[in-house]
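Here is a friendly briefing to read alongside the model. Have the sequence and the fold open, and let us walk through them together.

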Amino acid sequence: MPETPSTTRAPEPRGTAGAVRQVRPRTEGWQQAKDETGRPLLQFASPKRGKPPVHLADLTAEQRVEKAKELGLPGFRAKQLEKHYFEHYTSDAARMTDLPKDGRDELVAGLLPTLLTEVRRLQTDDGNTIKFLWKLHDGALVESVLMRYPGRITLCVSSQAGCGMNCPFCATGQAGLTRNMSAAEIVEQIVRANALIRAGELGEAEHADERVTNIVFMGMGEPLANYARVMHAVRVMTDKQHGLGMSARGITISTVGLAPAIRKLTDEGIPVTFALSLHAPDDELRDEMIPVNSRWKVDEVLDAARGYYEKTGRRVSIEYALIRDMNDHPWRAVMLAEKLNARGRGWVHVNPIPLNPTPGSVWDASTKAAQNEFVRILNDAGIPTTIRDTRGKEIDGACGQLVATEEDERAAANA
Ligand code: SF4
């Protein structure tokens, strides 16, 4: 959410004389790019920029072997590199003493090129949450947020530099899509986080073998708009022999609703957790809040989400940021419950997301009373509903807020 509202106006009383106040979405402090029909511009294709160097994590196991041979070394060296990268979290040739000195640097440079340069790190006082700002090979900036919870460690990863979905509340989308990230650039965020955890730099360790257990694709970008690379990255994350060996269930892919890509994801048969950022149950409001809704409407997206549940048996999460007098009306909770229940029981749960108050903004937080009423209506309708923890907000790292500031740009220039 934008932090500084461009305009302020006197708050209107809520629910007076039977009238229901309806705040309409609009951008504050920036202009939304529009297409020739006057609708918010949607960018699906990645602008052409120099591709990041090919990295081990971009390749299949067979391709890695081939690449090692191309570099004049026997294929089994690729397996040794995998071990260094996915188990020891290192790309440092000097630490790979099991590799022959001759050709080691070339092998490492050829398969483990530098992808992310750390520009900045912000850590909360308790040390349990860290936000990273990374510079990619072409200067594009992305972020990830690492969070320690009791019994699990979650990393919120970026999948694109910028975003082409142009949501009016989102800082990331304001500058449009810079480019898709490669599979290895996505995976590298996890490997770097694991290296930091192993070095004991994330709060108080619970045990020696800690690493990232959960991934949420809720950083910069719309993951399903970068489908092939995100799916390759997920395969590397879950591959027990040639990757990080993570549990698919611990990986959450979140989307604003690219229905054909949801159906494609369904057919992959990988039981990741699927989250739909819905934010409104009616097309009238959702068209304005989430511009991609003009392509794929609420009903089509909910049908696709239900299809995901049917195929994978994985309960779908519906994300719903509660915004004062915009989408938090009791009638919308009723409509949401009806639309979900119309597609069966037990297939979905709703995560209302409370925002930080931003008085004077159209993107203000719901009142506690409105929030409680919204949750009550859904629970009474038999839909499990839990308020989501928005820990990252403490350091301005929650979803939709991940955008490089001018200060970041300056820091990146010096990195
Ligand atoms: S909310 Fe998500 S999909 Fe929308 S512009 Fe921001 S990053 Fe993109």
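Alanine 275 has serine 317 in β10 as its bridge partner. Strand β10 (residues 316–322) runs parallel to β9, and three bridges join the two. Strands and helices here are DSSP runs numbered from the N terminus (strands: E, at least two residues; helices: H or I, at least four), and two strands pair if DSSP finds at least two bridges between them.

This is a predicted model, in which local features need pLDDT of at least 70 and side-chain atom pairs count only at pLDDT 80 or more, while totals for chains, interfaces and linings use all residues. Residues are numbered from 1 along each chain as its sequence is written.

**The sheet**
- Nine strands make up an open sheet with mixed pairing, in the order β1-β2-β3-β4-β7-β8-β9-β10-β11.
- At the edges are β1 and β11 (348–354), each of which pairs on one side only.
- From one strand to the next, the twist averages 20° (axes are lines fitted to C-alpha atoms, and angles run from 0 to 180 degrees between N-to-C directions).
- Strand β1 (residues 117–123) pairs with strand β2 (residues 129–135) in the antiparallel sense, over six bridges.
- In that pair, threonine 117 sits opposite lysine 135 of β2.
- Five residues separate β1 and β2 in their hairpin, and glycine 127 in the turn has a positive phi of about 80°.

**Chain totals**
- The protein chain holds eleven helices and eleven strands.
- Of its 415 residues, 45% count as buried (20 or more other C-beta atoms within 10 Å of the residue's own; 12 or fewer is exposed, in between is partly exposed, with C-beta atoms placed from the backbone).
- Among contacts with a separation of 6 or more, 70% come from residues 24 or more positions apart (contact: C-beta atoms, placed from the backbone, within 7 Å).

**Cysteines and the ligand**
- An unreviewed UniProt entry places the feature "binding site" at Cys163, Cys167 and Cys170; such annotations may be inferred rather than shown by experiment, and their positions follow the numbering used here, with feature names shortened.
- Cysteine 163 is in the loop between β5 (160–162) and β6 (177–180), and it is buried because 29 other C-beta atoms lie within 10 Å.
- Contacts of cysteine 163, leaving aside neighbours within four places in sequence, are Thr172, Gly173, Leu177, Met220, Gly221 and Glu222.
- Cysteine 167 also belongs to the loop between β5 and β6, and it counts as buried because it has 25 C-beta neighbours inside 10 Å.
- Eleven residues surround the ligand, the closest being Cys163, Met165, Cys167, Cys170 and Gly173 (near: C-beta atom, placed from the backbone, within 6 Å).

**A second set of annotated positions**
- The unreviewed UniProt entry also gives "binding site" for Gly221, Glu222, Ser254, Ser277, Leu278, His279 and Asn356.
- Glycine 221 is placed in the loop between β7 (214–217) and α5 (227–238), and it is buried, with 29 other C-beta atoms within 10 Å.
- Not counting residues up to four places away in sequence, glycine 221 touches Ser158, Ser159, Gln160, Cys163 and Asn226.
- Serine 277 is part of strand β9 (residues 273–277), and it counts as buried because it has 23 C-beta neighbours inside 10 Å.
- Beyond four places in sequence, serine 277 is in contact with Ser254, Thr255, Val256 and Glu319.

Key:
Two residues are in contact if their C-beta atoms, placed from the backbone, lie within 7 Å.
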